[in-house]
Amino acid sequence: MVSLKDIAAACGVSIATVSKALNNQSDISSARRDEIRKKAEEMGYHPNLMARALKTKVTHDIGVLFSDDFRSGLTHPFFSQVLEGLKLGLEEKGYDLTFIDRGLGEKKPDYVNHCRYRNLDGVVIACVDFSQPSVIDLVQSDIPLVTIDHVFDQCATISSNNSEGMRILTEYIVGQGHRRIAYIHGKPSSVTNARLASFFRVMEENGIHVPDEYVREASYLDVEEVEKAARELMSLRERPTCILFPDDYSCIGGLNAARAAGLRVPEDISIAGYDGVPIVRIISPKITTYEQSMQEIGLAAAAKIIELIERPRTALRDNTVIKGKLFPGETVRKIQ
């Protein structure tokens, strides 16, 4: 194994100079730093991360707390893209990513102790029950932390513009001439609450009444549960001309429900999803949706957690909102 001493001998410099070059310290010329780095690479040098962690108290390891009701993990149609962006952003800056589980064999999760046991530099939290005591304990700890799509006053947050996104999507549907618009929304959460309030606000601003029977609740990503709610809406005496779904994946349940009822999309009934996952551009008809910038959310989370770790005195614990855009698709017809 190549050591700092070997590189120092090959370059004719001291071990301290090699250390400064490899750690990108400022009190060494850029030319000398580049020369030493090049030689280290040629010699196949790899830093001893464990030794570096013991010396600097920095492991360059970021924990990710991620758990959804369906235990979809890396197959989650939305958060898989967010996590890919997070991974790319961390790796570019030399950080590794570790998933946090219950840890240490406790019957109840103890995320704080688990993070300390693994010597994690920081944590990114996404898609969990933020009301869990163990999650709240983690948020209130001194571990650098970023949340995704959920705002705590004392935390840095990266979020998509759920309120604005639903406004844009609903205004588009209203602009296509629809007045009987139903909404199957997800289970209660900060994301759901923002989208639901925005939906009602747009309808109110356009003087459109929303009957109580037009608003249904179903779990995100639960195609069967959403399909059942869609069938109920489609069987109403005055059925909606358009149904909004909680996400693109469950919107497929809407397509199934329409076909089972002998209805054509969008000729007989219009539908729209939310998120902009890749499948919306593959299936036929292409689903009308609001595209969230999923990888950008992950990249922003990576940049923020690294900022909190490396520049704790100046890093702001604010809410960074990532914009998305409308994808018109083919599932909302224009009503003359």
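**Figure 1. The largest nonpolar core of the predicted model.** In this predicted model, the largest nonpolar core has 69 residues, a nonpolar core being a set of buried Ala, Val, Leu, Ile, Met, Phe, Trp, Tyr and Cys residues joined through side-chain atoms within 4.5 Å. Buried stands for under 20% relative accessible area, exposed for over 50% and partly exposed for the range in between, with a 1.4 Å probe and protein chains only. Ile-184, Leu-244 and Ile-305 have the most contacts inside this core, and helix α12 (residues 294–310) gives the most to it, with nine residues. A second, separate core of 17 residues includes Tyr-111, Val-123, Val-135 and Leu-145. In soluble globular proteins, nonpolar side chains tend to be buried together.

**Figure 2. Surroundings of Ile-184.** Not counting residues up to four places away in sequence, Ile-184 touches Arg-216, Ala-218, Val-226, Ala-229, Ala-230, Leu-233, Ile-243, Leu-244, Phe-245 and Pro-246, where contact means heavy atoms within 4.5 Å.

Figure 3. Helix α10 (residues 223–234) has twelve residues and reaches 16 Å from its first C-alpha to its last, close to the 16 Å expected at 1.5 Å a residue, the expected span being 1.5 Å times one less than the number of residues. Helices (H or I, at least four residues) and strands (E, at least two) are DSSP runs, numbered from the N terminus. The buried residues of α10 are Val-223, Val-226, Glu-227, Ala-229, Ala-230, Leu-233 and Met-234. Seen down the axis of α10, these residues fall within an arc of 165°, so they line one face of the helix; the arc is that of the directions from the helix axis to the C-beta atoms. They pack against β6 (181–185), β7 (215–217), β8 (242–244) and α11 (248–260).

**Figure 4. The buried His-178.** His-178 lies in the loop between α8 (162–175) and β6, and is buried, with a relative accessible area of 0%. A polar contact of 2.7 Å joins the side chains of His-178 and Thr-241; such a contact is a pair of N or O atoms within 3.5 Å, and within protein one must be able to donate a hydrogen and the other to accept it, while residues adjacent in sequence count only if both atoms are side-chain atoms. Leaving aside neighbours within four places in sequence, the residues in contact with His-178 include Ile-208, Cys-242, Ser-270 and Arg-333.

**Figure 5. Cysteines without a disulfide.** A search of the whole structure finds zero disulfides, a disulfide being a pair of cysteine sulfur atoms within 2.5 Å. The sulfur of Cys-115 is 12 Å from the closest cysteine sulfur, in Cys-155, too far for a bond, and Cys-115 is buried at a relative accessible area of 1%. For Cys-242, the closest cysteine sulfur is that of Cys-251, at 9.0 Å, again too far for a bond, and Cys-242 is buried, with a relative accessible area of 0%.

**Figure 6. Gln-295 in helix α12.** Gln-295 has its place in helix α12 and counts as partly exposed, at 32% relative accessibility. Leaving aside neighbours within four places in sequence, Gln-295 is in contact with Gln-81, Glu-84, Gly-85 and Leu-88.

**Notes to all views.** Residues are numbered from 1 along each chain as its sequence is written, and side-chain values use heavy atoms, with hydrogens and water left out. Because the model is predicted, local features need pLDDT of at least 70 and side-chain atom pairs count only at pLDDT 80 or more, whereas totals for chains, interfaces and linings use all residues.
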